[in-house]
Amino acid sequence: LKLVRNEIFTRAKSPLCRNFSMIYQSVVIRFSGHCLQSSSHHKKLKIQPYHTSFPVLSSQKVPIYYVDDMGDEKEVQAEVGKNLLDVAHDNDIELEGACGGELACATCHLVFEKDIYDTLPDKDPEEDDMLDLAYELTDTSRLGCQIIVREDMANMRVKIPDDGY
């Protein structure tokens, strides 16, 4: 944290930066898979992890179907505790994830069936902001890097929407 704080102060004191207090109060820095935030309401730095796959403690797997924009399905065995972006990459599914699961893009956008969507944890405001950038956004859209596989997700289908290219 000391290194990050020093970096904030160094950048804020540069001749190109004229408003040090504004930078200090609203800085968001990505560092080692964590988001370090300072806001005007909280004067101290807070660590918030964004890459959410948990270490897999068991080898339990459930079948999940990824459906591409052409309607083709691919069944994969997803490890419980991994996020859907990592599961896709582990199984050669074309789901970009340009930021590596750090919640800095919307390229792992997935569309869920309504019954599964209703069981998912609430979205963080940061995820909601990123989803605003996604193509083919729906009411049941989420980012794959933020959704952890659970046992009750067996046989679910998630759609990978067209990315616009």
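In what order do the elements of the chain run from the N terminus on? They run α-α-β-β-β-β-β-α-β-α-α-β-β.

View 1. Helices (H or I, at least four residues) and strands (E, at least two) are DSSP runs, numbered from the N terminus. The model is predicted, so that local features need pLDDT of at least 70 and side-chain atom pairs count only at pLDDT 80 or more, while totals for chains, interfaces and linings use all residues. Residues are numbered from 1 along each chain as its sequence is written, and side-chain values use heavy atoms, with hydrogens and water left out. Of the 165 residues in the chain, 39% are buried, where buried means under 20% relative accessible area, exposed means over 50%, and partly exposed lies in between (1.4 Å probe, protein chains only).

**View 2. The largest pocket holds about 540 Å³ of space.** A pocket is, on a 1 Å grid over the protein atoms alone, an open set of points where a 1.4 Å probe fits, with protein on both sides within 12 Å along at least five of seven lines, and its lining residues have an atom within 4 Å of a point. Grid points are joined across faces, edges and corners, and the volume is the space filled by probe spheres set on the points. The lining comprises 24 residues, and Glu 94, Leu 95, Ile 160, Pro 161 and Asp 163 lie nearest the centre of the pocket. Strand S4 (61–67) and strand S5 (73–79) each supply at least two residues of this lining.

**View 3. Arg 157 lies over the face of Tyr 65.** The distance from the ring centre is 4.2 Å; a charge sits over a ring if NZ of Lys or CZ of Arg is within 6 Å of the ring centre and within 35 degrees of the ring normal.

View 4. Cys 99 is in no disulfide, and the nearest cysteine sulfur, that of Cys 105, is 3.6 Å away, whereas a disulfide is a pair of cysteine sulfur atoms within 2.5 Å. The sulfur of Cys 105 is therefore too far from that of Cys 99 for a bond. Cys 99 counts as partly exposed, at 22% relative accessibility, while Cys 105 is buried, with a relative accessible area of 13%.

**View 5. Ser 141 lies in strand S7 (residues 141–143).** Ser 141 counts as buried, at 1% relative accessibility. Ser 141 and Lys 159 are 18 residues apart in sequence, and their C-alpha atoms are 9.3 Å apart in space.
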